[in-house]
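Please examine the sequence and the structure shown here before reading the report.

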Amino acid sequence: MFARMGKRELERLGQLADEIEVGMDEVLAEQGRVGHEFFIVLDGHVSVLDGRRPVAQLHPGDFFGEIALLDGRPRTASVRADGITRLLVVGHREFHALMDEFPAVRDLVLAELAERLRRVEGG
Ligand code: CMP
């Protein structure tokens with residue numbers, strides 16, 4: 001995500017986000033629950049789980065949690081830290097502010113969403 005963001009976008013992200021560190025097996029998003037945050041992995045990795053089935057592993061620079069913030073509905077999957085992981089957390093309002101201010105950020109979130117849909121559908 002960072003590689004595709006410009007300097008101004010990155011600076012704004014720095015203002016809007018908080019950095020957190022979580023331990024092994026910590027759950028960052030819980031399938032079926034309301035979600036209020038968007039996350040970007042800085043260091044370490046996390047697993048995306050549909051029930052108990054792993055569907056993806058996300059690495060530094062990858063993001064998750066956008067779906068519940070975009071449609072206001074429950075989390076589509078659970079996301080769990082695979083070890084000590086550092087992340088940026090962006091609140092609901094800040095996520096929308098970032099996308100409103102920078103259409104290029106909205107485009108890259110949407111492009112990744114499309115990419116994930118293609119992968120799920122085997123296309
Ligand atoms: P959200 O539904 O808010 O919370 C769980 C997140 O996991 C979801 O947003 C996506 O960011 C991510 N996610 C869900 N399904 C997949 C998938 N198949 N591949 C990668 N990431 C996913």
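The report below treats the model, the sheet and the ligand site in turn.

## Basis of the model

The model is predicted: local features need pLDDT of at least 70, side-chain atom pairs count only at pLDDT 80 or more, and totals for chains, interfaces and linings use all residues. Residues are numbered from 1 along each chain as its sequence is written, and side-chain values use heavy atoms, with hydrogens and water left out.

## The sheet and its helix

An open sheet is built from four strands, ordered β1-β8-β3-β6, with antiparallel pairing. Strands (E, at least two residues) and helices (H or I, at least four) are DSSP runs numbered from the N terminus, and two strands pair if DSSP finds at least two bridges between them. Because β1 (17–22) and β6 (63–64) stand at the edges with a single partner strand each, one side of each has no neighbour in the sheet.

Strand β3 (residues 37–43) is joined to β6 by two bridges, and the two run antiparallel. Here Phe-39 stands opposite Phe-64 in β6. Helix α1 (residues 7–16) packs on the sheet and touches β1, β3 and β8 (85–91), where contact means heavy atoms within 4.5 Å.

## The ligand site

The ligand is surrounded by 14 residues, the closest being Gly-65, Glu-66, Ala-68, Arg-75 and Thr-76; a residue counts if one of its heavy atoms lies within 4 Å.

A polar backbone atom of Gly-65 is 2.9 Å from an oxygen atom of the ligand. For Glu-66, an N or O atom in the side chain is 2.6 Å from a ligand oxygen atom. A polar side-chain atom of Thr-76 lies 2.7 Å from an oxygen atom of the ligand.

Definitions and conventions:
Axes are lines fitted to C-alpha atoms, for helices over the stretch in contact, and angles run from 0 to 180 degrees between N-to-C directions. A polar contact is a pair of N or O atoms within 3.5 Å; within protein, one must be able to donate a hydrogen and the other to accept it, and residues adjacent in sequence count only if both atoms are side-chain atoms.
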